[in-house]
Protein chains: 2
Amino acid sequence: MALILQKYGGTSVANIERIRKVAERVIRVHTAGNDVVVVLSAMAGVTDGLIQLAYQITNDPNRRELDVLLATGEQTTVSLLCIMLESMGCPAISLLGYQAEIVTNTAFGRARIVGIHADRIKELLGQRKIVAVAGFQGRDEQGNITTLGRGGSDISAVALAAALKAYVCEIYTDVDGVYTTDPNLCKNAKKLQKISYDEMLEMASLGANVLQIRAVEFAKKFNVPIHVRSSFMEEEGTMVVEEEEDMERLVVSGVAYSKDEARITLTRVPDQPGVASKIFTPIAEAGIVVDMIIQNTRKSGLTDLTFTVPKSDYPRAMAIQKEVAESIGAEQVLGDEYIAKVSVIGVGMRSHSGVACKMFTTLARENINIMLISTSEIKISCVIEEKYTELAVRVLHNAFGLDSISENF
Amino acid sequence: MALILQKYGGTSVANIERIRKVAERVIRVHTAGNDVVVVLSAMAGVTDGLIQLAYQITNDPNRRELDVLLATGEQTTVSLLCIMLESMGCPAISLLGYQAEIVTNTAFGRARIVGIHADRIKELLGQRKIVAVAGFQGRDEQGNITTLGRGGSDISAVALAAALKAYVCEIYTDVDGVYTTDPNLCKNAKKLQKISYDEMLEMASLGANVLQIRAVEFAKKFNVPIHVRSSFMEEEGTMVVEEEEDMERLVVSGVAYSKDEARITLTRVPDQPGVASKIFTPIAEAGIVVDMIIQNTRKSGLTDLTFTVPKSDYPRAMAIQKEVAESIGAEQVLGDEYIAKVSVIGVGMRSHSGVACKMFTTLARENINIMLISTSEIKISCVIEEKYTELAVRVLHNAFGLDSISENF
């Protein structure tokens, strides 16, 4: 029998009834002879509620203390699950981040795991106990409580699975797997049986909110097989695994999109050495992450420069660029919040040419103008007008043959 | 300057506004040059809410896990207070039970403190930080979270004050001190400036819910001066201290009452060796605490036996005694839930005779029948009909001169 790690998200433990369902599932797997470690998130909405409470006090709550506050969310769910399991006659024990010896650095609110001492968990598993570990939290070297940032429970789960050499890390969520694209947008979206870590990384960073991106990186690094599945049904979900030969059958395995960015253009910028630095240094100093950059050279030593930033940073970035434009003598600063990034992703691209060409042709056929393009080894992204997002996703999904794959290809 | 320990109860931290008031008070004391350690309870109602949540799952929640759940209450308040203090520019740090190294035995839900390693707190105080410690919780030798039972935050506070050799342990609550009797019952009740540990113990055990009884025992053992006062006003409250010479000026310093008991009488019990054991052994085995016992010998080798039990245990105790009565051949079992215990308390009794006599005479003058009597060195208690409680308290309060003492005697 195997060691199975199961992680349940906030909607899966949102109330006592759902916690009961989780307990039943855990007991089934345990009774079949497996060892089970469960990682839980806080009940849906609880973490946001606690953050709001802190912000009633100040807009800049002390980070160490905010982590102490937030850690109560997962503490509540692990204790409730263990009370439930014990009441059903199944031996269980909860461990908080520090008790599970999940050691992190001291970056409160966005701590990184530096090590896990899994001896205690192994000992408890040896006693045939179900071990419920509070996700999202750890402790630093000094014993302070730390949290891992948004989606941190996924990271806790994968890290524990790696430390314990679990057979699989099952991520239970409110969707039943990873789809070729957003099923809400495209009725022909198909659930993928398998996806590679690299594809999942591109999907995650492009707005498919199934798995936390750092968790996927961690899984890739330690080769932890992830099984993304729904806690509301029995059906299998999607395996996120190392790239395999047969994955390359599909050239493109998914179409992702994101509406979280805005575009800024500086026109008629003097094309001189050092200008790019003057434009991007103040943006970087403000902690704003620039995603895509494109430069169109005009005649007469002038150039237009366009880049994208997260929509939430757009007002600040615009203000900064207006000052920059003045100082470098650019003509004007244009901004556009109504853009979307549409991407096709697939490890098969490595060995297939013509993917970019097909993508551009498909969009052109619908008269969708491409503003910016960026590519990686396994991804091509195009920025388009926001209003065409749904259309673009659907036509690309069809063009790359995803409409017609069977669910169990 | 001194080390001041302040403990705030649930009503004092019931919401963000009250936590702000607490922070302001703490900062005033700190700014005056004192070191301050703050112990907090959970927000009023939170602990009960968590218990209810657990009981939605089962009537017998796993005790270890229940403690993990309950510990979130104080974790929330200490982190919020520190966020508040830091936002006001005052360096502060929260410590949970295990971080403050409050070590207990493993009796989950009613753990006893076995030691406190105060080095960390001393170090933090040395950095001029305000240290906010979560009350009510500790850790056992294995690192499990434990809780100290009802009113446990008082115990945390006194134990920390003892370990740190604090100048005073201030207990902030929703009353402004210890009164000669319940002010809701007797408008002439006076706030005491000082009371001895022993008197406070008798007051606490007799239903004056100001201080947790184990906390007073602890304070007495380690000679920690307690200052009971209100968090809603500036005025000084009542000092609970070692007995001093001048305390004996008052023969009786308080009148307490309790309606929490019920009375059971077995009539015509054969007066033979071993009968008392047959009556009280099954009661003890059921975990029921008997308070007062009285036996009236009749003629012809028969006796009536009366005792009191907590009202919550009354139905179980009655059921047990009905079986017992049959097996020992007693005539019948009579029960009475409508009783009250009225007590006069004072260290001055030790050196003054006639207190009991005056108590009985005073009650008799009002035609209040005394059903049971018990005494200690500094206390006399009478069980009477419940309906006479208020009258009895008022006439005793007057008879022992408490109506006329000045507030600053």
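In chain A of this predicted model, helix 8 (residues 275-285) and helix 9 (residues 314-328) cross at roughly 150 degrees, and their axes come within 9 Å. Helices here are DSSP runs of H or I with at least four residues, strands are runs of E with at least two, and both are numbered from the N terminus. Axes are lines fitted to C-alpha atoms, for helices over the stretch in contact, and angles run from 0 to 180 degrees between N-to-C directions. Residues are numbered from 1 along each chain as its sequence is written, while chains are lettered from A and ligands numbered from 1 in the order in which they are written. Because the model is predicted, local features need pLDDT of at least 70 and side-chain atom pairs count only at pLDDT 80 or more, whereas totals for chains, interfaces and linings use all residues.

**Helices 8 and 9 of chain A**

- The angle makes helix 8 of chain A and helix 9 of chain A roughly antiparallel to each other (angles under 35 degrees count as roughly parallel, over 145 as roughly antiparallel, 65 to 115 as roughly perpendicular and the rest as oblique).
- Helix 8 of chain A brings Val275(A), Lys278(A), Ile279(A), Pro282(A) and Ile283(A) to meet Ala317(A), Ile320(A), Val324(A), Ser327(A) and Ile328(A) of helix 9 of chain A.
- Sorted by class, this contact of helix 8 with helix 9 of chain A has eight nonpolar, one polar and one charged residues (Ala, Val, Leu, Ile, Met, Phe, Trp, Tyr, Cys and Pro count as nonpolar, Asp, Glu, Lys and Arg as charged, and the others, Gly among them, as polar).

**Chain A as a whole**

- Chain A has eleven helices and 20 strands.
- Its C-alpha trace spans about 80 × 55 × 30 Å along the principal axes.
- Of the 409 residues of chain A, 48% are buried (20 or more other C-beta atoms within 10 Å of a residue's own; 12 or fewer is exposed, in between is partly exposed, and C-beta atoms are placed from the backbone).
- Among contacts in chain A between residues at least 6 apart in sequence, 74% join residues at least 24 apart (a contact means C-beta atoms, placed from the backbone, within 7 Å).

**A buried residue: Ile130(A)**

- Ile130(A) sits in strand 6 (residues 130-134) of chain A, and it counts as buried because 25 other C-beta atoms lie within 10 Å.
- Leaving aside residues up to four places away in sequence, Ile130(A) touches residues including Val26(A), His30(A), Leu85(A) and Cys90(A).

**Where chains A and B meet**

- The contact takes 25 residues from chain A and 25 residues from chain B.
- On the chain A side, helix 2 (46-57) and helix 3 (63-87) each supply at least two residues.
- Helix 3 of chain A gives the most to that side, with 14 residues.
- By class, the side of chain A that touches chain B has twelve nonpolar, eleven polar and two charged residues.

**Helices 1 and 3 of chain B**

- Helix 1 (residues 16-31) and helix 3 (residues 63-87) of chain B pack at an angle of about 60 degrees, with their axes 9 Å apart.
- These two helices of chain B, helix 1 and helix 3, are therefore oblique to each other, and their crossing is right-handed.
- Among the residues making this contact are Ile19(B) and Arg20(B) of helix 1 of chain B, and Leu80(B) and Met84(B) of helix 3 of chain B.

**Positive phi angles in chain B**

- Arg128(B) is not a glycine, yet it has a positive phi of about 60 degrees, and it lies in the loop between helix 4 (119-126) and strand 6 (130-134) of chain B.
- Arg128(B) counts as exposed, with 12 C-beta neighbours inside 10 Å.
- Asn367(B), also not a glycine, has a positive phi of about 60 degrees and is exposed, with 8 other C-beta atoms within 10 Å.

Technical notes. Contact = placed C-beta atoms within 7 Å. Left-handed = near helix turned anticlockwise from the far one by under 90°.
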